Amino acid sequence: MNKDIKMEKQAQRPYCLLNFNQAEPAYEKQIKSTTMLYQHLDELFHEPELASQAEFAKEVAECREDDKRVIWNAGCTYAMPLAVLGEDEFFIRVVTEPELMRELCERYAIRKADAIVQTLQVMQIRPEVLLFSDPFGKSGLPPLRPAVFRTLLKSAQQFLVRCIKRAYPEIKIWYRCCAASYSLAADFAEIGFDAWIPSGKTEPFAQELEDCRQFIQDELELLSVTEGQWDSLKKGTTTCV
């Protein structure tokens, strides 16, 4: 069956986007040293609270009972390092301290994977989709170069995705990032994402995205979600995805 037709049929059941990022609290103080952040990552990382997990499980069950397809918005795959260092410093250090940043992101991925699996374990009815969304650089600037992504972030994402799929293979994992990252589509498929949602302005990359769709059609679904549809998802439900 044509994938576009398949998605159209699935979309007749409205999606419900639910946020749960218990392991990613707000950080009042930024740690300026990458080494210090690496050393203190475990104590900074907040394990999911049972009460919060139970409340989230209840939300998921209620949406599923209403015949909605639940998307768990699980945040950024490198959220804590990004939040603690700050966006500017994070992307600077990706270039200036590549090896340490790779180890930091991999260590964070281990903790995030454990937290997600723990949360799924308390659920009797689980989300059908898990969504990760990442910034790939500062707004208005070129995205991460493919070589930088492959060296620093790919292994961490691969570990994260494989851990979740090993425990819950029935859950689809979607990935949302800058449309300008179209050259990484094959990498997203190799990591194990089931679908990629190009974000931001997609018009300048229309031909490249269409080429990607043809090239990776058997390995990765390329979902077209406009900013309006995305806002609708965040507000509650939509049948347009």
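This is a short chat about a predicted model of one protein.

Reader: What are the ground rules here?
Author: The model is predicted, so local features need pLDDT of at least 70, side-chain atom pairs count only at pLDDT 80 or more, and totals for chains, interfaces and linings use all residues. Residues are numbered from 1 along each chain as its sequence is written, and side-chain values use heavy atoms, with hydrogens and water left out.

Reader: How many helices and strands?
Author: The protein has 11 helices and seven strands. These are DSSP runs, numbered from the N terminus: helices are H or I with at least four residues, strands E with at least two.

Reader: What share of the residues is buried?
Author: Of the 241 residues, 49% count as buried. Buried means under 20% relative accessible area, exposed over 50%, partly exposed in between, with a 1.4 Å probe and protein chains only.

Reader: Strand β4 next. Is it mostly covered or mostly uncovered?
Author: Mostly covered. β4 spans residues 172-178, and five of its seven residues are buried.

Reader: How many bridges join it to β3?
Author: Five, and β3 (residues 129-133) runs parallel to β4. Phe-132 has Tyr-175 in β4 as its bridge partner. Strands pair if DSSP finds at least two bridges between them.

Reader: And which sense for β4 with β5?
Author: Parallel, over five bridges, with β5 at residues 195-199. Arg-176 has Ile-197 in β5 as its bridge partner. From β4 the chain crosses through helix α9 (residues 185-191) to β5, a right-handed β-α-β crossover. Right-handed means that, with the strands pointing away from the viewer, the path from the first strand over the helix to the second runs clockwise.

Reader: New topic. At what angle do α5 and α6 pack?
Author: About 120°, with axes 6 Å apart; α5 is residues 87-96 and α6 is residues 98-121. Axes are lines fitted to C-alpha atoms, for helices over the stretch in contact, and angles run from 0 to 180 degrees between N-to-C directions. That makes α5 oblique to α6. Under 35 degrees counts as roughly parallel, over 145 as roughly antiparallel, 65 to 115 as roughly perpendicular and the rest as oblique.

Reader: Which residues make the contact?
Author: From α5, Phe-90, Arg-93, Val-94, Val-95 and Thr-96; from α6, Pro-98, Met-101 and Cys-105. Contact means heavy atoms within 4.5 Å.

Reader: Where is Arg-111?
Author: In helix α6.

Reader: Is Arg-111 buried or exposed?
Author: Buried, with a relative accessible area of 15%. Not counting residues up to four places away in sequence, Arg-111 touches Leu-41, Asp-42, Phe-45 and Glu-47.
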